[in-house]
Amino acid sequence: MKTNLILIGFMGTGKTTVGRTLARLLDKEFMDTDSEIEKVVGLKIEDIFNRYGEIRFRSEESLVVQKLARRQNQVISTGGGVVLNPENVRALKATGYLVCLQAAPEVIQSRVSRRIRPLLRKDNSLERIKELLKERETSYRGADLYVDTSNCTQEEVVNQIYAWWQQKIKEEIEG
Ligand code: S3P
């Protein structure tokens, strides 16, 4: 039985906040791939990008994914670009169910300005966000559940995923 719930989705869709609350509700361990990378490298995400570049970041990200995929009973929040590597998606799918959080570009823009995102640091225009979303469209396909968070409170998002998860587990148990 798959016991991990994995949150994927573009920057600013609320993966970390929603993930933390869900973990508490479901009595699972909360893990965040970005925080794990920061621990391993000993630097903040933006400093990893600045010092070593995106390629190094992606390689650390894949190592963290492989490590977490071996563990059970976690809610894992991932960085927005984790899906760019099909190996990451394969490993995550094998170990849990994928829930993809979505949001309209305008909503993403207002949310991402609250924290430094290396990929949007130079240009966080609506055009840039739309371009990145388009580039990643196919990579976000194949999740088990999609939740549009644009017009929802975090509590509503959590409740929706929680209800879906309970149903999923019930189905698994009943076979
Ligand atoms: C990234 C998203 C970030 C972080 C890194 C790269 C991306 O995580 O992993 O800056 O490629 O979309 P969040 O989705 O939590 O912002």
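By a pocket I mean this: on a 1 Å grid over the protein atoms alone, an open set of points where a 1.4 Å probe fits, with protein on both sides within 12 Å along at least five of seven lines, and lining residues are those with an atom within 4 Å of a point. Hello everyone, and thanks for coming. What we have here is a predicted model, where local features need pLDDT of at least 70, side-chain atom pairs count only at pLDDT 80 or more, and totals for chains, interfaces and linings use all residues. Residues are numbered from 1 along each chain as its sequence is written, and side-chain values use heavy atoms, with hydrogens and water left out.

Let's start with the largest pocket. Its lining is made of 37 residues, and those nearest the centre are Gly 12, Thr 16, Asp 34, Arg 115 and Arg 117. The space in this pocket comes to about 790 Å³, where grid points are joined across faces, edges and corners and the volume is the space filled by probe spheres set on the points.

Which helix gives the most to that lining? It is H1, with 5 residues. At least two residues each come from H1 (15-26), H2 (33-41), H3 (45-52), H4 (54-68) and H8 (154-174). A quick word on the labels: helices (H or I, at least four residues) and strands (E, at least two) are DSSP runs, numbered from the N terminus. By class, the lining has 10 nonpolar, 13 polar and 14 charged residues. Here Ala, Val, Leu, Ile, Met, Phe, Trp, Tyr, Cys and Pro count as nonpolar, Asp, Glu, Lys and Arg as charged, and the others, Gly among them, as polar.

Now the second largest pocket, with about 260 Å³ of space. It has 13 lining residues, and Gln 102, Leu 133, Lys 134, Glu 137 and Tyr 140 lie nearest its centre. Strand E4 (96-102) and helix H7 (126-136) are the elements that give two or more residues to this lining, and E4 gives the most, with 3. The classes here are 8 nonpolar, 2 polar and 3 charged.

Let's stay with H7. Its buried residues (under 20% relative accessible area with a 1.4 Å probe, protein chains only; exposed is over 50%, partly exposed in between) are Leu 126, Ile 129, Leu 132 and Arg 136. They sit on the same side of H7 because they cover an arc of only 130° around the axis, taking the directions from the helix axis to the C-beta atoms. Glu 127, Lys 134 and Glu 135, on the other side, are exposed. Among what covers the buried residues are H4 and helix H6 (105-112), with contact meaning heavy atoms within 4.5 Å.

On to the aromatics. The whole structure holds 4 aromatic pairs; rings of Phe, Tyr and Trp (its six-membered ring) pair if their centres lie within 6.5 Å, and planes under 30 degrees apart count as stacked, over 60 as edge-to-face and the rest as tilted. One of them is Phe 49 with Phe 57, tilted, at 4.8 Å centre to centre and 40° between the planes. Both Phe 49 and Phe 57 are buried.

Last stop, Gly 14. Where does Gly 14 lie? In the loop between strand E1 (4-9) and H1. Gly 14 counts as buried because its relative accessibility is 17%. Leaving out residues up to four places away in sequence, Gly 14 touches Leu 101 and Arg 111.
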